[in-house]
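Dear colleague,

Please find below the structure that I am handing over to you. My findings follow it.

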Amino acid sequence: MSALPPIRGHEDVRASLARAALAGELPGSLLLHGPPGVGKQRLGLWLAQLLACERPGGEPCGACVACRLALRLEHPDILWFFPIARPKASGGPDRLAEAMEEARAEELAARRENPWRRAAPGEPLGLFLPQIQTLRRYAATRPAMARRKVFLIGDAELLVPQESSPEAANALLKVLEEPPADTTFILTASDAESLLPTIRSRLLPVRLRPLPDEEVARCLVEERGTPPREAERIARLAQGAIGRALGFLPDDGEPGPLEALRQQALELLEAASAAPAMRRLAAALAVGPAGGRGAFTDLLEALSLWLRDLAATAAGAPEQVVNTDAADRLAALASRLPGADLAAANGIRLVEEARALAYGNVNPQLILAWLLRSLHATLSPTPPGR
Ligand SMILES: [Zn+2]
């Protein structure tokens, strides 16, 4: 049985990668980059399977031993590294490296069990130096059964954990500078710019674009049993990323993490556009610190989408609205604010500024307080001083 769900979309990219692989012209190191949740690591696993396949064509055959092992995440020459929480191991560096390999093995086992599983929120994840040293040791060995080894390094932007030096990145750079001939490296990153330029320059960049809404909706229906109309609604919110769509699905009867943030963002927007300052402050304080930087970025993304929807509603283009279940609340907001479309456009710029601050590691609560004050000045029907 396959542990991996079927790959979806990115047909053009797959076709050109397969052509290059069959012609023996695939570069030894690639960077798959594109929006979060668009399927970069799934495509990396597809390419790894294609390289291992005994009868490759435009696609991996799916039936040979190598393909079956790859689909079960059990192929010995396909090594998938990804960010983990730092284990609390005591002892020397060797013990730490071991603990990290155990953590990776546990996560792989969990993904075999449930390929749709979400990372537990909270603990910061990183790709640490001992993991890269382990990777380099594997890279120096011969393939076990295929012609080559493939290393997939997911979320490579987390190679440089914020609080430490870029030593993990430098260790990876060393192996990319002199890659063993029988090895392919596939890195993935949502933000290619955040990789060290020295690493980026060693990689062939391959850009993945958002999937069509229909493809995302079909995935939800076929893989998650989502009712078709609900799947369509969520697909619009997901902006072409299956990984994001999953975040809107209910989880044990609770709203999914992205759905919860979407609701929170609407409350913030309504609070920011209301006249009394008290309501704004209350709403800002109600936003807890849960989820860390990732959740805060998702909250800003949700706010930005609401503002776009507000602009579309005010401009009389409701067909462009993605939060289709909230047309009434958007219309109410738009009718309350004269010039709502321009104000919303200004609001989107403010959210962009907030995002830049968040990347600069400013405290989320401080950013949010600033953002709400600024949004209020832009969106309020009675701006202060008038
Ligand atoms: Zn095959």
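Into which domains is the protein divided? The model, which is a predicted one, has domain 1 at residues 11-207, domain 2 at 212-249 and domain 3 at 255-379. The C-alpha centres of domain 1 and domain 2 are 26 Å apart. Six residues from domain 1 and six residues from domain 2 take part in the contact. On the domain 1 side, the residues that touch domain 2 comprise four nonpolar and two polar ones, with no charged residues.

As to the overall form, the protein contains 16 helices and seven strands. Its radius of gyration is 23 Å, close to the 21 Å that the globule rule gives for 386 residues, so the protein is as compact as a globular protein of that length. Along the principal axes, the C-alpha atoms fill a box of roughly 75 × 45 × 40 Å. Of the 386 residues, 38% are buried. Where contacts join residues at least 6 apart in sequence, 71% of them link residues at least 24 apart.

Two elements deserve a separate description.

The first topic is strand E6, residues 183-189. Seven of its seven residues are buried, so E6 is largely enclosed by the rest of the structure. In a regular strand the side chains alternate between the two faces of the sheet. In E6, Thr183, Phe185, Leu187 and Ala189 point one way, while Thr184, Ile186 and Thr188 point the other way, and all are buried. Strand E1 (residues 29-33) runs parallel to E6 and is joined to it by five bridges; Ser29 has Phe185 of E6 as its bridge partner. Strand E5 (residues 149-153) is likewise parallel to E6, again with five bridges, and Lys149 stands opposite Thr183.

The second topic is helix H6, residues 167-177. Which of its residues are buried? They are Ala168, Leu172 and Val175. These residues cover an arc of only 60° around the axis, which puts them on the same side of H6. An α-helix has 3.6 residues a turn, so residues three or four places apart point the same way. The buried residues of H6 pack against helix H5 (129-139) and helix H7 (197-200). On the face turned away from the buried side, H6 carries the exposed residues Lys174 and Glu177.

With kind regards

How values were computed
Residues are numbered from 1 along each chain as its sequence is written. This is a predicted model: local features need pLDDT of at least 70, side-chain atom pairs count only at pLDDT 80 or more; totals for chains, interfaces and linings use all residues. Helices (H or I, at least four residues) and strands (E, at least two) are DSSP runs, numbered from the N terminus. The radius of gyration is taken over C-alpha atoms; the globule rule is 2.2 Å times the number of residues to the power 0.38. A residue is buried if 20 or more other C-beta atoms lie within 10 Å of its own, exposed if 12 or fewer, and partly exposed in between; C-beta atoms are placed from the backbone. Two residues are in contact if their C-beta atoms, placed from the backbone, lie within 7 Å. The arc is that of the directions from the helix axis to the C-beta atoms. Domain bounds come from an automatic or database domain assignment. Ala, Val, Leu, Ile, Met, Phe, Trp, Tyr, Cys and Pro count as nonpolar, Asp, Glu, Lys and Arg as charged, and the others, Gly among them, as polar. Two strands pair if DSSP finds at least two bridges between them.
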